[in-house]
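Visitor: Hi! Could you walk me through this structure?
Guide: Happy to, let's have a look together.

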Amino acid sequence: MNNATQHSQVNDKQRTAPHAEIAVRPANVSALAAELSAAIEGEVRFDDGSRAVYATDASNYRQAPIGVVLPKNVDDVVKTVALCRKHGAPITARGGGTSLAGQCCNIAVVIDFSKYMHHVLELDPYRRRAKVQPGANLDTLRRQAEQYHLTFGPDPATHDHNTLGGMIGNNSCGVHSVMAQFYGPGPLTVDSIESLEILTYDGLRLTVGVTSEEELSRIINEGGQRGEIYAGLKALRDCYADQIRTKYPDIPRRVSGYNLDRLLPEHNFNVAGALVGSEGTCVIVLSATLKLMPNPAVRSLLVLGYPDAYHAGDHIMEVLEHKPVGLEGIDQALIGYMKKKHMHPEDVEMLPDGGGWLLVEFGGDNKEDADNKAQKLMDELKKKDDAPSMKLFDDKEQEHHIWLVRESGLGATANVPGMSPTHPGWEDAAVPPEKVGPYLRDFRKLLNEFGYQCALYGHFGQGCIHCRIDFDLLTADGVKKYLAFIDKAADLVISYGGSLSGEHGDGQARSMLLPKMYGEELVGAFREFKKIWDPGWKMNPGKVIDSYRPDENLRMGPHYNPPPVKARFGYPDDDGSFAKATARCVGVGMCRRVDSGVMCPSYMATREEAYSTRGRARLLFEMLQGDIVADGWRDRRIHDALDWCLACKGCKHDCPVNVDMATYKAEFMSHYYRYRLRSRHEYAMGLIYWWSRAALKLPLLTNFFTQHEPFAFIIKKIGGIASERRLPPFTKQTFRDWFQQRQSNRPNKPRVILWPDTFSNHFLPEPAKAAVEVLEAAGYQVELPPRPLCCGRPLYDIGMLDLAKKLWRQTLTALQSEITAGTPIVGLEPSCVAAFRDELINLFPNDYNARRLSQQTMLLSSFLRKIDYRPPKLRRQALVHAHCNHRAIMGMKAEEALLNRLGLDYELMDSGCCGMAGAFGFSEKKYDISIKIGERVLLPAVRNAAQSTLVITNGFSCREQISQTTGRRALHLAEVLALALREGKQPSSDDDPEFNVCSRPRHPAFSLKGSGEIFNEKDN
Ligand SMILES: Cc1cc2nc3c(=O)[nH]c(=O)nc-3n(C[C@H](O)[C@H](O)[C@H](O)COP(=O)(O)OP(=O)(O)OC[C@H]3O[C@@H](n4cnc5c(N)ncnc54)[C@H](O)[C@@H]3O)c2cc1C
Ligand code: SF4
């Protein structure tokens, strides 16, 4: 194969062109920053931390920007461009930053539209048009359009966190591009654009769209900057029209190169169309008017199983004849990776037999209509000798899960255990759909020739194939081999009449291959096109045209050599390497979703990149690089970004590559605070185990001070606790004391240890008492650990890891005999059980007893499920909120199974994080954000629930957040099971059950500081 390496056509002669001149002098940078700050309403960030956060996108590349601007309105953008022009600074526009080819990082002033300019401005259902700001998210638009049974056709897999500006920049497409092709304006974003309001680097502001020949003449005759641009475009069109017609492949997914074809008369001199896909290299989009299309009321999913992906590819056309609304393909390797990563294991099992699958979606006015279309295809296929296996799904939930399998593509193919890391770089080439089968066979041959591995999946119905290949980008030879490969892969795709990129764009990963696809002359036309718009070469320079080479600016290239780190955790999933852990993030940006899942609550509340999992991961990565962020473990900016992490562990579960920010935060804090004092709040909350034990001596006196003014106010002030918060009172009798005083003798019963966490023991013993009742009813003898112990949960957040380790050693010693005996240990507080499951193993990766203890410890629901406990029925309604650690580490399956057995009519909310997250919500600094997070879903839902509806959640802090803001007393599952035992014996028509279950008083909801400000900011 090394022959192949020598064959690389991408050689040094192929330019390092105008981008070499793009740097601005440092003196200008500070002047620019100062003038921007004075001029605009939005935010101006030229500090090293912000530059680090924006240094990369989802690609292989990394370039630290000059600075970052977050404009609040069009006026800000206009002023920013004017000042950049004054100082000669280049500009890169940015939306979600999910680009895969390097077009969204640059040595430029990055303008991030996603934080403030993210609104849908107008939606006209009659004209089927919508006007959006560039930072608006596709799903935000789709949700609004859906009210009128309309949608926006192209839907990238990043639909819930990308932006329309970015889609326009990249000319994005997606699963339903097939639908847009058959039933709408066309498959690509460009087909769904009516007009764009744009701004050039020179400061010209225009609205562009299709232009009749008369209008064109008029504009040219009017002269001025606009006239010159239009005249230049017309001359370009007239000169290259024939070449454009012959050399642009006529396929659904031609995304590489500029859309010069849209200037042809057959496209009505569509200037907006020509700018779509220009990847921010020509103009800035200020707003866009989009075409919407009808959204089928109902969809049906048919999955076809073929012997392999190649055979699946051979049968695309016969499926396309039936005009589905989606036609995707996946191969066996993808399923293998998913199994290795334990991703969606049950969903994978639902696929029909085969080694390559086509997911065919049909739309209809009603279910029968959609099913009939699927049935018709099935009937036809059945008649064939090589008929595939088939499965028509008629359950919406199952359909959703099958789509999850397809959408997991990137997550499943990144960081596969036992495999070298995989990368983008050749991940979205497209060929004519009728040639998918033969192309895939040849492509696999090429991969084998180079010894590369990857799964093949993607938009088979439009010939666009995805793969993440295990390129070795860390060694010089590996990089040469990668260059040789993309060179040959380009030849292959061009021989099939295809496009280098079928949806992600050229960026710098593919632009040097454009002459192969279009020829030098048309590439010259691209250069002229850019020059018409951006004669000074300041718009995203070095991308698409006259680009950086694909092997320049590599984020992890042959130079990558992070320093060795003496880490406090073991990082068993990253070969013990903290550096490897910080490089996990591949930039997908799912942590930038704002309205579903848990990850990432602090981003949801702030829309701040540095407060997303990705932003934090990038900062830690940069900390180890040491060039942009130079203060290492002592860096204040990294501290701040991590300080706002709630350590909810949402990312460990929701992130497709399982970035575990809570652990990295604990790691960082432990280094940051070495030989330094922490804040008062951190001592107050982090050492709660010891404060509680001290308060044990005089709980009534302590409560007098914590519950009465002005003492409470003073205590909160000293502890850095928000004045709006109520300090939970200590219980008069600890749970341990209660347990030891009660009469219970259940010899000869199997033993179970109940773990009395600090909160159950010292603050709220009812759930623990209820758990004793339930466990005994289940036939067990309940015991407590021989002495007070603590898992150290509050210590991780602040990085007091030595203390946490000391506590674990006490626990391991105290429970030694129970560990050896394998006695089950039941915990009630999800964050404590999560510490046994997660932190314990990570701190003691080589300790067998730690592993045993971790396995032996479980939540009440898991234990009851394990012993097949059948509770009495409880015919009530309930609203269930999952504690973040519970959902992320243990999962909710056991909980749901038990709730089902109870016969409860319950809703498990997609409520994300409650916002309290242990100490977080008590902090005076974080109170507002804590409330904002809770108000997203959980707190309004609780307020709207009937008093007779049980509110169930197992976390002490979730219950505290609910109690302090709604007045409701949420119940722990143990209390609900105890209620079932009581009501089972004597059915009750009680419509205020929580009052009877728990003796704790119902507090009035606190009046919330700044609530209008916090809650009324409703996103579109
Ligand atoms: C896991 C994964 C799956 C993906 N799946 C798909 C897919 O199915 N289909 C698909 O098409 N893509 C896909 N992509 C690529 C990418 O997500 C999409 O192209 C997305 O639409 C880009 O949106 P963004 O907001 O992140 O754009 P960004 O990455 O922020 O920007 C994209 C380009 O647009 C430019 N730009 C942004 N805003 C403006 C503006 N206001 N004016 C001018 N230029 C601007 C930028 O400079 C950049 O060149 C995927 C990426 C990932 C990581
Ligand atoms: S632990 Fe939670 S808050 Fe912290 S980065 Fe992950 S998802 Fe965000």
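Guide: A term to start with: a salt bridge is a side-chain nitrogen of Lys or Arg within 4 Å of a carboxyl oxygen of Asp or Glu. This is a predicted model, where local features need pLDDT of at least 70, side-chain atom pairs count only at pLDDT 80 or more, and totals for chains, interfaces and linings use all residues. Residues are numbered from 1 along each chain as its sequence is written, chains are lettered from A and ligands numbered from 1 in the order in which they are written, and side-chain values use heavy atoms, with hydrogens and water left out.

Visitor: Thanks! How many salt bridges are there by this rule?
Guide: The count comes to 67.

Visitor: Which side chain does R237 meet in a salt bridge?
Guide: That of E213, at 2.9 Å from N to O. The pair links distant parts of the chain, 24 residues apart: R237 is in helix α9 (residues 224–247) and E213 in helix α8 (residues 213–222). Helices here are DSSP runs (H or I, at least four residues), as are strands (E, at least two), numbered from the N terminus.

Visitor: Switching to ligand 2, which residues are closest?
Guide: C600, R616, C645, C648 and C651, out of 13 that surround ligand 2; to count, a residue needs a heavy atom within 4 Å. Two or more residues of the shell come from each of α24 (613–625) and α26 (650–654).

Visitor: What classes make up the shell around ligand 2?
Guide: Nine residues are nonpolar, two polar and two charged. Ala, Val, Leu, Ile, Met, Phe, Trp, Tyr, Cys and Pro count as nonpolar, Asp, Glu, Lys and Arg as charged, and the others, Gly among them, as polar.

Visitor: Back to C600: where is C600 found?
Guide: In the loop between α22 (578–582) and α23 (601–606). The peptide bond from M599 to C600 is cis, with omega near -5°.

Visitor: And what kind of peptide bond joins E709 and P710?
Guide: A cis one, with omega about 5°. P710 sits in the loop between α30 and α31.

Visitor: Which residues form the nonpolar patch on the surface?
Guide: L698, L701, F704, F705, F711 and I715, with about 490 Å² of accessible area together. Patch residues have over 30% relative accessible area and no salt bridge; like charges are joined within 9 Å, nonpolar side chains (Val, Leu, Ile, Met, Phe, Trp, Tyr) within 5 Å. Areas come from the Shrake-Rupley method with a 1.4 Å probe, and for residues only the protein chains shown count as cover.

Visitor: Which element gives the largest share of the nonpolar patch?
Guide: That is α30, with three residues.
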